[in-house]
Amino acid sequence: MVDSVTFLNVTVSTTLLDSSGYNTPTTANGKTLPLWIAAMWDAALFMDSKISSAAQALAATSESSVAVGSGSKVFAVGTDRGFAAGTYVLAARTADPTGTWMLGQVASYAAGDLTITVGASDYAGAGTHSDWTLGISGPRGATGPASLSAGQAWGYILSMH
């Protein structure tokens, strides 16, 4: 019989695994908890670190000076990112993300440089800027029908009463 069991960085003596062993206090990540909670706590922290790593690989910032508009755009974003050729990236100006942005398809990502191709109508704003936040996106959707303004919608809702 083994003397201990390790699960997700929590080592437990097998002598604790009797009928009350699951509630035996143990220490994991600086916290004294019942054994079963300690194991779950450690598993949650492990998953959080993996999710954070994945999320960081799908986003970046860039101080490259890039002109807003269609065509080929190059951003220095560093290495270890998940920008695969063919995926879509939204590049938004950090100081004005809803007013100045470009949506492009990744042409290449090498040596820390990300090159995207922006379509003729896949951008908003103007000028050359050097404060960009970039993230994985999807292709631009179809233009939907015209809708009511917020004021018109409220008026309609209020008229129903």
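Is Ser62 buried or exposed, and what is its relative accessible area? In this predicted model, Ser62 is buried, with a relative accessible area of 4%. The residue belongs to strand β5, which covers residues 59-62. A polar atom of the Ser62 side chain lies 2.9 Å from the backbone oxygen of Ala76. Apart from neighbours within four places in sequence, Ser62 is in contact with Phe75, Ala76, Val77, Ser130, Asp131, Trp132 and Leu134. Several of these residues return below.

**Overall architecture**

The protein contains 2 helices and 12 strands. Along the sequence these elements follow the pattern β-β-β-β-α-β-β-β-β-β-β-β-β-α. The protein has 161 residues, of which 27% count as buried. Among contacts between residues at least 6 apart in sequence, 55% join residues at least 24 apart.

**Aromatic pairs**

The structure holds 2 aromatic pairs. In one of them, the ring centres of Phe75 and Trp132 lie 5.7 Å apart and the ring planes stand at 80°, so the arrangement is edge-to-face. This pair links distant parts of the chain, with Phe75 in strand β7 (residues 71-76) and Trp132 in strand β12 (residues 132-137), 57 residues apart. Both Phe75 and Trp132 are buried, and both are among the residues in contact with Ser62.

Phe83 and Tyr109 form another edge-to-face pair, at 5.8 Å centre to centre and with 85° between the planes. Phe83 lies in the loop between β7 and β8 (88-93), whereas Tyr109 is part of strand β9 (residues 101-110), so the pair ties together parts that are 26 residues apart in sequence. Phe83 is buried, with a relative accessible area of 3%. Tyr109, by contrast, is partly exposed, with a relative accessible area of 21%.

**Salt bridges**

The count of salt bridges comes to 2.

| Salt bridge | Distance (N to O) |
|---|---|
| Arg93 and Asp131 | 2.9 Å |
| Arg140 and Asp122 | 3.4 Å |

Arg93 is partly exposed, with a relative accessible area of 23%. Asp131 also counts as partly exposed, at 21% relative accessibility. Asp131 is one of the residues in contact with Ser62.

Arg140 is partly exposed, with a relative accessible area of 46%. Asp122 has a relative accessible area of 18%; because buried means under 20%, Asp122 counts as buried.

**A nonpolar surface patch**

Which residues form a nonpolar patch on the surface? The patch is made of Phe46, Met47 and Ile51, with about 290 Å² of accessible area together. Phe46 is found in helix α1, which spans residues 35-57. Phe46 is partly exposed, with a relative accessible area of 35%.

**Positive phi angles**

Most residues other than glycine have a negative phi. Asp80 has a positive value, near 65°, in a residue other than glycine. Asp80 is found in the loop between β7 and β8, the loop that also holds Phe83. At 68% relative accessibility, Asp80 counts as exposed, whereas Phe83 is buried.

Ala111 likewise has a positive phi, of about 50°, although it is not a glycine. Ala111 lies in the loop between β9 and β10 (113-124). With a relative accessible area of 78%, Ala111 is exposed.

**Contacts around Ser62**

The surroundings of Ser62 connect several of these features. Ser62 is in contact with Phe75 and Trp132, among others, and these two residues form an edge-to-face aromatic pair. Ser62 also contacts Asp131, whose side chain meets that of Arg93 in a salt bridge. Ala76 is another contact of Ser62, and its backbone oxygen lies 2.9 Å from a polar atom of the Ser62 side chain.

Conventions:
Residues are numbered from 1 along each chain as its sequence is written. This is a predicted model: local features need pLDDT of at least 70, side-chain atom pairs count only at pLDDT 80 or more; totals for chains, interfaces and linings use all residues. Side-chain values use heavy atoms; hydrogens and water are left out. Helices (H or I, at least four residues) and strands (E, at least two) are DSSP runs, numbered from the N terminus. Buried means under 20% relative accessible area, exposed over 50%, partly exposed in between (1.4 Å probe, protein chains only). Contact means heavy atoms within 4.5 Å. Rings of Phe, Tyr and Trp (its six-membered ring) pair if their centres lie within 6.5 Å; planes under 30 degrees apart count as stacked, over 60 as edge-to-face and the rest as tilted. Patches are made of residues with over 30% relative accessible area and no salt bridge: like charges are joined within 9 Å, nonpolar side chains (Val, Leu, Ile, Met, Phe, Trp, Tyr) within 5 Å. Accessible areas come from the Shrake-Rupley method with a 1.4 Å probe; for residues, only the protein chains shown count as cover. A salt bridge is a side-chain nitrogen of Lys or Arg within 4 Å of a carboxyl oxygen of Asp or Glu. A polar contact is a pair of N or O atoms within 3.5 Å; within protein, one must be able to donate a hydrogen and the other to accept it, and residues adjacent in sequence count only if both atoms are side-chain atoms.
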